[in-house]
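Thanks for coming. I will take a few minutes to walk through one structure, from single residues out to the whole chain.

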Amino acid sequence: MDAFPVIITTGRKPTAADHARADLGAKILGGRVVPRRNDSIAELLKKYGAPVILVARDDTLVLEEADDRLFFHPSLAHVRLKNIRLHGAADHLIGALDLRPGQSVLDCTLGLGADAIVESYAVGESGQVTALEKSPLIALVISYGLAHYKGDNDDVRSALRRIKVINDDYRSYLKGLPDKSFDAVYFDPMFRCPMEKSAPLSPLRQLAEGSPLEEESVREACRVARRRVVMKEAWYSREFARLGFSEFSGGKWSKIRYGIIRTDK
C-alpha cells in the first residue's frame with residue numbers, strides 16, 4: 001500500500017456510476033470516500049493531507065495532484081499499433097522481445113501500460129501478457145482503464161482487455177515463479193537520470209517504484225524466461241553494463257535502447 005492515506009472522491013456533478021467507481025476504489029485500496037461538493041482538487045488535498053486524490057469521473061478513474069493528473073489512455077501505444085497495422089512498421093520493443101503470436105510475457109513494470117498494450121497486440125489472442133505494478137493506485141487506475149477503455153478498433157480494444165494486471169512487487173513475484181514459466185520478461189525501470197521533464201510522468205514518479213533494478217532480479221528473470229529478458233533504458237545508461245545486458249536493439253536516432261539477454265542458448 002502507498003504510504004499515505006488514500007482519499008477518493010467524484011466530480012462536482014457525479015453520476016450513480018461515478019459513486020459506484022469511487023466505492024470500488026475505496027474497497028480495493030482500503031481508502032476513504034469523501035464528498036466533492038464545490039471543493040477544488042487543491043482544497044481537497046490540503047483538507048485531507050494527501051499528495052494525490054483518486055477521482056471517479058467521466059467513466060474513468062483519475063489520480064489528481066496539485067498541478068497534474070494521471071489517467072489511462074493508450075496514447076503512444078495507439079500510434080505504435082497504427083503504424084504496425086496500417087504501415088507494416090517494425091516496433092523496436094516487439095523486435096527486442098522477439099514476440100510472436102501465442103507467446104507469454106511478464107511485464108514487470110506496468111506504469112502507464114503503453115508497452116504492455118503493444119506486447120499484448122503482438123502475442124495475439126492465443127498469447128498472454130501479465131503486467132506487474134507495485135503501486136496499488138497506479139495498478140487500479142491503469143487496470144480499470146484497460147478493462148473499460150472503448151476506442152474504435154476491435155483488435156486494439158481486445159489487446160487491452162487481455163492484459164492481466166497484478167498489484168505486486170516484481171522482486172517477490174519473480175522468486176515465486178517456476179523456471180521457464182514465461183517466454184519473455186521485460187523491465188522498464190524509472191530511468192536513473194530522466195531525459196527530460198514529462199508532465200504525464202510527474203505523478204507517476206511520485207508513486208512508482210523508483211529503486212534501481214537489481215542484479216538478483218535480473219538473475220531471477222533469466223531463470224523464469226524461456227527465451228529473452230529485456231530492459232528499456234536511456235541510450236547512454238550505464239545500467240546495461242552493470243546488469244549484464246550486452247546485446248541491444250533500438251532506433252538509430254532514438255533516445256531509448258533495449259538491452260537483451262538471451263536465455264534460450
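**A walk through the model**

Val118 is buried, at a relative accessible area of 0%; buried means under 20%, exposed over 50%, and partly exposed in between, using a 1.4 Å probe and protein chains only. Before going on, a word on the source: this is a predicted model, where local features need pLDDT of at least 70, side-chain atom pairs count only at pLDDT 80 or more, and totals for chains, interfaces and linings use all residues. Residues are numbered from 1 along each chain as its sequence is written, and side-chain values use heavy atoms, with hydrogens and water left out.

Back to Val118. This residue sits in helix H5, residues 114-123; helices here are DSSP runs of H or I of at least four residues, strands are runs of E of at least two, and both are numbered from the N terminus. What is Val118 in contact with, leaving aside its neighbours within four places in sequence? The list is Ala77, Arg80, Leu81, Asp91 and Ile94, where contact means heavy atoms within 4.5 Å. Leu81 is 37 residues away from Val118 along the chain, and their C-alpha atoms are separated by 6.8 Å.

Next, Thr9. It belongs to strand E1, residues 7-10, and counts as buried because its relative accessibility is 0%. Beyond the neighbours within four places in sequence, the contacts of Thr9 include Ala22, Val34, Leu44 and Ile53. Arg36 is also one of them, and a polar atom of the Thr9 side chain lies 3.4 Å from the backbone nitrogen of Arg36.

Now two residues in loops. Arg37 is found between strand E2 (32-33) and helix H2 (41-48). Is Arg37 buried or exposed? Its relative accessible area is 59%, so Arg37 counts as exposed. Its phi is near 50°, a positive value in a residue other than glycine.

Asp58 is in the loop that runs between strand E3 (53-57) and strand E4 (60-64). Asp58 is not a glycine, yet has a positive phi of about 50°. With a relative accessible area of 62%, Asp58 is exposed. Pro14 is 44 residues from Asp58 along the chain, with 8.7 Å between the two C-alpha atoms.

Finally, the chain as a whole. How many helices and strands does it have? There are 11 helices and 12 strands. The radius of gyration is 19 Å, close to the 18 Å from the globule rule for 265 residues, so the chain is as compact as a globular protein of that length; the radius is taken over C-alpha atoms, and the rule is 2.2 Å times the number of residues to the power 0.38. Along the principal axes, the C-alpha atoms fill a box of roughly 60 × 40 × 40 Å.

Of the 265 residues, 50% count as buried. Taking contacts between residues at least 6 apart in sequence, 70% join residues at least 24 apart.

Methods
Polar contact = N/O pair within 3.5 Å; in protein donor to acceptor, adjacent residues only side chain to side chain.
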